Every structure is written in structure tokens, then in C-alpha cells.
Amino acid sequence: MVEVRLVEVSKRFGSVEALKNVTLTFEDGAFTALLGPSGSGKTTLLYIIAGIYKPTSGKVYFGERDVTNLPPNKRNIGLVFQNYALYPHMTVYENIAFPLRLRKLPPSKIDEKVREVAKLLHIEELLDRYPSQLSGGQQQRVAMARALVKEPDVLLLDEPLSNLDALLRVKIRAELKRLQKDLGITTIYVTHDQAEALAMADTVVVIDRGVVQQIGSPDEIYNNPRNLFVATFIGSPPANIITAKVVKRGKEVCAAVGNTLICPDYKIGVRMANLEEVVIAFRPEHAEISEAPLEGMVSFEAEVYAVETLGRENIVTLVVGATPVKVVTKPDVRPQLGSRVYINVPIDKLKYFDPETELNLE
Ligand code: ATP
């Protein structure tokens, strides 16, 4: 187990700046998710940690050791790729044994370790098969076994569940999380799936356009997004955003959306005071639909645009002025299409962002 540290790491591919000055610590023994949309630089970051890519500038440390110029095989890492990259001409047993044979371990030791890790991953009965004779989920386990058998200091996983169907993904998610906790290996997990990142990781690093946008626990990322990108990338459906006019009411600084006036606490008011507009965000699951404004809440007039019934809940799409807004409701809430209703949100669930910098004003 080691802590992994990146210091001012940048990576260029010709004119593309894939990573811009990333400084980041992955804690010893923690499960960290690198989360971002396609092309944000996640894989590049993981490959720099693995030693597959060299940074254009900056340093990588494993503990106190500067590994920036070390090749992958000198870093003691376990790596699992999206496509698993199993050797098709080798049995499962030989696939798992391969990293140990490279290390020239005695055959009896290899056998002991292969069987031990196969047991851990529940693939003991598959050892004689070839990769082509395995399901996607089984291949995933074999790839994990091959990564773990050499007892790596750091486990690097690049979208390891993305080739599996949705049901299996959710099942393996829990198993992987438990396995990581039991083994306590520093784990870095690349994903574009925010639900996966929030569900599994101790820490989530949100990255966009080669820049780290926020680092925090799943709770922090979900409840206190640092900027509009994080607010609208996290959550399913993601946070609603409405642009409001900043208005002064006596000493108070408020935000106006149609007939709705929202006056946040003093600290945010001060930060809003020299803006003309402010972007307000709230999560679809924090809002409630009603025929009349609800006491003690901020209420927006809205028109019902669509209702999606998902069994456990409904997602109602409405328009506030011209802005689409989604609300997650109980299954029995099915407002009439085209009807005029109110969207009610507790004031403490509203977040305020500067439209220019996109930063949270809290
Ligand atoms: P995805 O989820 O689609 O895999 P990602 O977040 O992992 O995306 P990267 O693969 O790290 O993104 O790519 C970041 C940027 O760097 C992209 O603009 C990509 O086109 C570019 N890039 C990545 N690898 C190379 C390469 N070998 N040569 C040139 N450009 C590259």
C-alpha cells in the first residue's frame, strides 16, 4: 500500500492539452474514482500513474519514491483495462500465473498464489478454461485476479465494468467495493458513470477538459458542488439550473425568477450584490410539485411538459419561463400535461453560482 501523488502534471499530445497542471494525492488504502466525461483526461491520468505515458511536465510519487521515469513493470501496479486484455491462447490459470512467471517465482509458490486469488474472486472452477469460453463478468474477474495476484501496491482500474450489462454492473460494484476494503489496496478507478463513482469510492475526483474540477467524498460532491460543471454532471437526472435576475430589496440582495423572489442568506447576498444575474441550481429529488405554493418553500410557477413513469418514481419535466426543469416524484404524482403547477424547493437546497466564473457562491 502506498500513497500516490501527482505534482503539477501536464500532458500534451501535439496540440491537445490532455492534462493541465494536475496536483493530486490519492490516499494510502483509499478507493478513489476519477470521474469525467469522454475526453476529459481520465485515462491519460491513469496511464501516467501506471507509467504507460510519461508526463510532459510534472512528477509522480509512490510514497516518497519518485516514479516519474520508471516503466510500468518497475512500479508494482495491478492494471485492469476496459476490455480486460486477457491472453486468448492461455487458460485462466496461465493468465493469472503470467505475472508471477515473469517474476520467476517457483512453480509451487505460483500455484499457491493463483489458487488463493481464484478463491477470493470465486473463479476456482474456471481455471482450465480459455477466455473465449467465459462470460463478460467471468472475464472481468479473471482480469482482476491477474491484477491482484502480484500483490500490487496500487490497483488501477480503467472502466472495468463498462462492458457488462446493467444488472451485473450493479452486482459487481458492491463486490468490488467490499474486496477493496478487505484488501486495503490503494485503488484508482476510472469511470464516466457518476452513479458508479458515488456508489463505490471513498473520494471522487471530478475532471473536465484536463482540469480537476473538485475532489471530495461522494457526499461533498453531491451536496456541495464547487461549480456548475460538477452540479450538472452529478446526479440522475442532474441538478436543474435556472438563471435569475439579481434585485435589491432594501438592504437585501435577492434573485428573481418570474414572480418568485429568493433572498438567500447575507453571505451569499453579498457575493451576489455586484452581479446582474445569478444561476440557481437544485436537485430534482429535492423539489415537490403542488397545485398551490407550499408554505415555507421557494415556489416557481411552471407548466407540465412530460411525465416519465419509472416504477419506483416518476420524472416530471416542466418549464419555468422557458427553462426545462425536472422533478423526481412519488409514483402516484402524475400531473396533467400542460397544467400550471408550482415547483417547491426548501430554500436551503438552493445553490447559487456566478454565471461568469461558474463557481458556487457559498
Ligand atoms: P474516455 O472516457 O472517452 O476514454 P478520457 O477521459 O479517458 O475519455 P483521455 O483518453 O485521457 O480521455 O483523452 C484526453 C484527451 O487527450 C482527448 O482529447 C484525447 O483525444 C486526447 N488523447 C488521448 N490519448 C491520445 C493520444 N495517444 N494521442 C493523441 N491524443 C490523445
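In this predicted model, the largest pocket has a volume of about 480 Å³. Its lining is made up of 16 residues, and those lying nearest the centre of the pocket are Asn-73, Ile-77, Pro-99, Leu-102 and Lys-150. Two or more lining residues are given by each of β6 (77–80), α2 (92–102) and α4 (136–148), and the largest share, three residues, comes from α2. Sorted by class, the lining of the largest pocket holds 11 nonpolar residues alongside two polar and three charged ones.

The ligand is surrounded by 13 residues, of which Ser-38, Gly-39, Lys-42, Thr-43 and Thr-44 are the closest.

| Residue | Polar atom of the residue | Distance to an oxygen atom of the ligand |
|---|---|---|
| Ser-38 | side chain | 2.6 Å |
| Gly-41 | backbone | 3.0 Å |
| Lys-42 | side chain | 2.9 Å |

Taken alone, the ligand exposes 630 Å², and the protein buries 60% of that area. Among the elements of the fold, β2 (16–26) and α1 (42–50) are those that give two or more residues to the shell around the ligand, with α1 giving the most, namely three residues. By class, the shell around the ligand contains five nonpolar, six polar and two charged residues, whereas the lining of the largest pocket has 11 nonpolar, two polar and three charged residues.

Technical notes
Residues numbered from 1 in each chain as written. Predicted model: local features only at pLDDT ≥ 70, side-chain atom pairs only at ≥ 80, totals over all residues. Heavy atoms only, no water. 1 Å grid on protein atoms, 1.4 Å probe; cavity = no way out; pocket = protein on both sides within 12 Å on 5 of 7 lines; lining within 4 Å. Points joined across faces, edges and corners; volume = space filled by probe spheres on them. Helix = DSSP H or I, 4+ residues; strand = E, 2+ residues; numbered from the N terminus. Nonpolar A, V, L, I, M, F, W, Y, C, P; charged D, E, K, R; others polar. Near = heavy atom within 4 Å. Polar contact = N/O pair within 3.5 Å; in protein donor to acceptor, adjacent residues only side chain to side chain. Areas by Shrake-Rupley, 256 points an atom, 1.4 Å probe, with all protein chains shown as cover.
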